[in-house]
Amino acid sequence: MRATLDHVGIAVKDLAAALAFYRDALGLEIEPPEEVAAQRVRAHFVPVGESKLELLEATAPESAVAKYVDKRGPGLHHITLRVDDIAAAVAQVKARGVRMIDDQPRAGAEGAMVAFIHPSSAHGVLVELKQSPFDTAQGDRELVERSAIGRHALQSAVGTRESRVQRFNVGNIELISLFDGFFRLDGGSMFGTVPKTLWERQAPADDQNRVTLATRPLLVRGARTMLIDAGLGDKRDEKVQAMFAVDRRRNLDHTLAEAGVSPEDIDIVLATHLHFDHAGGFTVRDAANRLRPRFPRAQYIVRRGEWEEAARVNERMRWAYFADDFTPLADAGVLQLVDDDATIMPGVKVRRTGGHTTHHQIVTIESSGKTAVFPADLIPTTAHARDAWIMAIDLFPVESLAAKKRLAAEILERETLVFFEHDPAVAAGYFHDDNGRRRLAPAPRTHL
């Protein structure tokens with residue numbers, strides 16, 4: 001088990017006095033408070049270098065923090081160690097006779113999964129184990145830091161433990177999150193009007209201000225076999241690959257094979273939109289350097305308005321579209337254009353959201369009372385689940401905002417598995433309402 005110090009928890013009795021010291025006297029930044037309703041506590045995180053302090057304010061007399069303060073007074077409450085796989089970490093320490101307060105991981109602050117070790121097994125110290133959906137694997141971080149490559153290389157390591165194929169079930173439909181590599185995009189483009197001091201905590205930038213993104217096409221196996229989007233592909237020249245720091249050492253060919261699926265098995269390829277990081281894998285060059293559809297038996301389904309907009313792209317978005325990703329589909333007779341929201345195959349529907357592009361669409365999957373959604377660039381990463389965190393490259397950001405709010409209401413109304421096409425570390429998860437604050441819990445899954 002690899003572990004690193006995530007934060008130190010400090011129980012406070014007088015929050016105003018605590019803030020007077022940490023914020024006013026020391027000049028540290030205090031993040032907005034976060035309610036952890038299950039523990040009846042309000043957490044105030046204070047970033048200090050690579051770790052944080054967590055000021056714990058009880059919100060009810062019966063909370064564990066209130067009882068701790070009454071018994072011992074304010075002060076050091078616990079230390080938190082961040083781990084890559086919390087289930088494995090809990091199993092490891094229990095196998096060695098360690099007494100746990102939490103026998104199974106549970107939801108904690110910041111969308112993390114946590115489990116506490118009893119102080120009797122840790123020489124009087126309350127120890128929290130934490131797996132965060134936003135963190136890179138600690139082993140990757142240590143490897144990069146030791147290599148002296150620096151922060152730029154660290155971005156390549158973000159989320160590598162989540163480049164594996166992941167399998168989920170929604171009723172009778174199997175969903176397999178695939179992978180087609182990492183790339184980097186300017187942080188300001190990804191987060192729009194959100195200040196860098198906020199977004200960089202979730203997505204560290206390299207020395208060119210680029211953040212690391214994954215490409216995660218989704219394989220849907222039900223009445224037919226469908227692929228939603230197809231990643232970056234391998235047609236970009238060296239200049240473009242360098243501009244976006246493309247890393248496809250693991251790619252769609254690998255992950256399809258790991259899923260036990262060949263290109264010939266795909267019946268339908270569905271486009272959420274035609275930007276290069278979604279449609280790049282639609283076509284390939286053969287041995288004679290001729291462009292052809294990558295999936296020879298598939299019908300490619302594209303929104304008609306998106307197709308037409310991509311064909312007459314303006315100067316502002318020219319960088320995002322490459323005609324060789326999609327025009328060969330029409331020449332090969334495999335293109336099917338749709339005009340309206342429609343059922344693509346049993347249990348799978350598309351819905352236009354607009355915003356990111358005029359005709360951007362999301363995909364919903366329903367089976368046996370279970371629901372999943374593939375929101376594509378409406379919610380590209382876990383950080384973008386916040387309503388106002390909208391990309392600067394969205395053509396119509398107000399339309400994006402309205403669509404996000406509508407989708408958020410829907411996924412909170414009924415338990416919905418949400419896929420994140422570009423998150424470097426999290427393929428999918430469930431959102432829950434915690435006293436008005438949206439929480440993410442990583443979804444149970446099987447790695448192939």
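1. Asp423 is buried (under 20% relative accessible area, where exposed means over 50% and partly exposed in between, with a 1.4 Å probe and protein chains only), yet Asp423 has no salt bridge. A salt bridge is a side-chain nitrogen of Lys or Arg within 4 Å of a carboxyl oxygen of Asp or Glu. The nearest side chain of opposite charge, that of Arg216, is 5.5 Å away; Lys and Arg count as positive and Asp and Glu as negative, while His and the chain ends are not counted. Asp423 lies in the loop between strand 24 (416-419) and strand 25 (428-434). Its side chain reaches the backbone nitrogen of Ala425 at 2.8 Å.

2. The basis of this note is a predicted model, in which local features need pLDDT of at least 70 and side-chain atom pairs count only at pLDDT 80 or more, whereas totals for chains, interfaces and linings use all residues. Residues are numbered from 1 along each chain as its sequence is written, and side-chain values use heavy atoms, with hydrogens and water left out. Helices (H or I, at least four residues) and strands (E, at least two) are DSSP runs, numbered from the N terminus.

3. Which residues of helix 2 are buried? In helix 2 (residues 64-72) they are Val65, Ala66, Tyr68 and Val69. These residues cover an arc of only 160° around the axis, so they are on the same side of helix 2; the arc is that of the directions from the helix axis to the C-beta atoms. An α-helix has 3.6 residues a turn, so residues three or four places apart point the same way. The face turned away from the buried side of helix 2 carries the exposed residues Lys67, Asp70 and Lys71. Among the elements that cover the buried residues of helix 2 are strand 1 (3-12), strand 3 (41-48), strand 4 (51-58) and strand 5 (75-83), where contact means heavy atoms within 4.5 Å. Gly73, with a positive phi near 85°, follows helix 2.

4. Strand 7 (residues 113-117) is mostly covered, with five of its five residues buried. In a regular strand the side chains alternate between the two faces of the sheet. Met113, Ala115 and Ile117 are on one side of strand 7, Val114 and Phe116 are on the other, and all are buried. Strand 7 runs antiparallel to strand 8 (residues 127-131), and five bridges join them; two strands pair if DSSP finds at least two bridges between them. Lys130 in strand 8 is the bridge partner of Val114. His123, in the loop between strand 7 and strand 8, is exposed, with a relative accessible area of 81%. The phi of His123 is near 55°, a positive value in a residue other than glycine.

5. Asp102 is found in the loop between helix 3 (86-95) and strand 6 (106-107) and is buried, at a relative accessible area of 11%. Leaving aside residues up to four places away in sequence, Asp102 touches Ala115 and Phe116. A polar atom of the Asp102 side chain lies 2.8 Å from the backbone nitrogen of Phe116.

6. Strand 9 (residues 166-170) has a covered face of Gln166, Phe168 and Val170 and an uncovered one of Arg167 and Asn169. Strand 9 pairs with strand 10 (residues 173-177) in the antiparallel sense over five bridges, and Ile176 in strand 10 is the bridge partner of Arg167. The hairpin of these strands has two residues between them, and Gly171 there takes a positive phi near 60°.

7. How many salt bridges does a search of the whole structure find? The search finds 27. Side chains of opposite charge can pair when their charged atoms come close. Glu29 forms a salt bridge with Arg201, the closest N and O atoms being 2.2 Å apart. Glu29 lies in the loop between helix 1 (15-25) and strand 2 (34-36) and Arg201 in helix 7 (residues 196-202), so the pair ties together parts that are 172 residues apart in sequence. Glu29 is partly exposed, at 42% relative accessibility, and Arg201 is partly exposed at 28%.

8. Asp206 and Arg184 meet in a salt bridge through their side chains (3.2 Å, N to O). Asp206 is buried, with a relative accessible area of 5%, and Arg184 is buried, with a relative accessible area of 5%. Elsewhere, a network of salt bridges links Lys235, Arg236, Arg285, Asp324 and Asp325.

Note on methods: A polar contact is a pair of N or O atoms within 3.5 Å; within protein, one must be able to donate a hydrogen and the other to accept it, and residues adjacent in sequence count only if both atoms are side-chain atoms.
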